[in-house]
Amino acid sequence: MFGCGGDAVTTPPSGFDGQIEVRYVSSPIPPELDAAVKFAVDKWTRALYKNLGDFRLQSPAAQCFSHEPKLNEVHHNLLLFVSVLPDDGPGNELAYTDVCQISGRDQLPVLGQILIDSEDLPRLLADGRLQGVVMHEMGHALGFNPKTYTPKNLSAGGSNDPVFTGAKARAEFALHGAWYTGATVPLEDLSGVGPRDPHWRYRVFGDELMVGAIAVGAKSPLSTITLGLFQDIGYDVDFSVADPYEVVPLFGGNRVVPEQTLKNDFRITKPPEVVSPVVIEAR
Ligand SMILES: [Zn+2]
């Protein structure tokens, strides 16, 4: 079937002790995508740390998503499957992320997948947006999503004005966007899912990494506000990894219009399986 997917029984690399283990479940993986994934793993790993524990992953093939391999292993921290497969044709949904399992101890993801639409990949490569898209999707996979912050009661508001309410994200937003007089921190208000929205509000945040849009030429900076969210959901955070970023008021013409959106790129319909860490001797 697909590379190391299908019915293969997966085995973690012995002694895996990192924050994010990526396994590809389609082939071929273009070297440019592999480089973008490695860059994102390195950057997120420098920015975030959390010992989530070890999890017994035991499930038949395709339990969470169609090309998911059969699992039978004990895995440390996050296992993230990445694939390049046809999704919805060129030009629509560029990529999406789903979280299959979260830890019952702290609601952080321990099993997830990112799918890059194979029919959009050539254009993402050609116009320089692939790195931003991979960083963005990995942010969702690490916990920038309502499957993590809703159980922690860290979002509020109706569909007109949803906000993330974590203290550190709010404090960082106040430092970099003092001009904004509304409730903070504003989540996207155009999707209709209210406080379950997985993105910062585009009209306020512009080209920040975790807005639901990515334009050609966007730098997609990883802000201290996004890192504040990750501290609020339970990670230890190194704020020095953040890129320079200020929340700039939206005056006419100073924003690039997003060429394509990422607005439906986190699957919020199916609840994740909740799993508990296991105790492993002599780890
Ligand atoms: Zn997204």
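Modeller: Two strands pair if DSSP finds at least two bridges between them, and helices (H or I, at least four residues) and strands (E, at least two) are DSSP runs numbered from the N terminus. The structure is a predicted model, in which local features need pLDDT of at least 70, side-chain atom pairs count only at pLDDT 80 or more, and totals for chains, interfaces and linings use all residues. Residues are numbered from 1 along each chain as its sequence is written.

Biologist: How do you know that strand β6 and β7 pair, and in which sense?

Modeller: Seven bridges join strand β6 (residues 95–103) to β7 in the antiparallel sense, against a requirement of at least two, so the two count as paired. Gln 101, for instance, stands opposite Leu 111 in β7. The hairpin of β6 and β7 has five residues between the strands, and there Gln 107 takes a positive phi near 60°.

Biologist: What makes β1 and β13 edge strands?

Modeller: The open sheet has five strands in the order β1-β5-β7-β6-β13, with mixed pairing. β1 (20–24) and β13 (273–275) each have a single partner strand, so one side of each is left without a neighbour in the sheet. From one strand to the next, the twist averages 25°.

Biologist: Why is β7 described as largely enclosed?

Modeller: A residue is buried if 20 or more other C-beta atoms lie within 10 Å of its own, exposed if 12 or fewer, and partly exposed in between, with C-beta atoms placed from the backbone. Nine of the nine residues of strand β7 (residues 109–117) are buried, so the strand is largely enclosed by the rest of the structure. Across the chain of 283 residues, buried residues make up 43%.

Biologist: Why are α5 and α7 called roughly antiparallel?

Modeller: Axes are lines fitted to C-alpha atoms, for helices over the stretch in contact, and angles run from 0 to 180 degrees between N-to-C directions. Angles under 35 degrees count as roughly parallel, over 145 as roughly antiparallel, 65 to 115 as roughly perpendicular and the rest as oblique. Helix α5 (residues 167–176) and helix α7 (residues 224–233) cross at roughly 165°, their axes coming within 6 Å, and α5 and α7 are therefore roughly antiparallel. Among the residues that make the contact are Ala 171 and Phe 173 of α5 and Ile 225 and Leu 229 of α7.

Biologist: How do you know whether α1 is oblique or roughly parallel to α3?

Modeller: Helix α1 (residues 31–47) packs against helix α3 (residues 130–142) at an angle of about 50°, with the axes 9 Å apart, and that makes α1 oblique to α3. Residues are in contact if their C-beta atoms, placed from the backbone, lie within 7 Å; those that meet include Leu 33, Val 37 and Trp 44 in α1 and Val 134 and Met 138 in α3.

Note on methods:
Contact = placed C-beta atoms within 7 Å.
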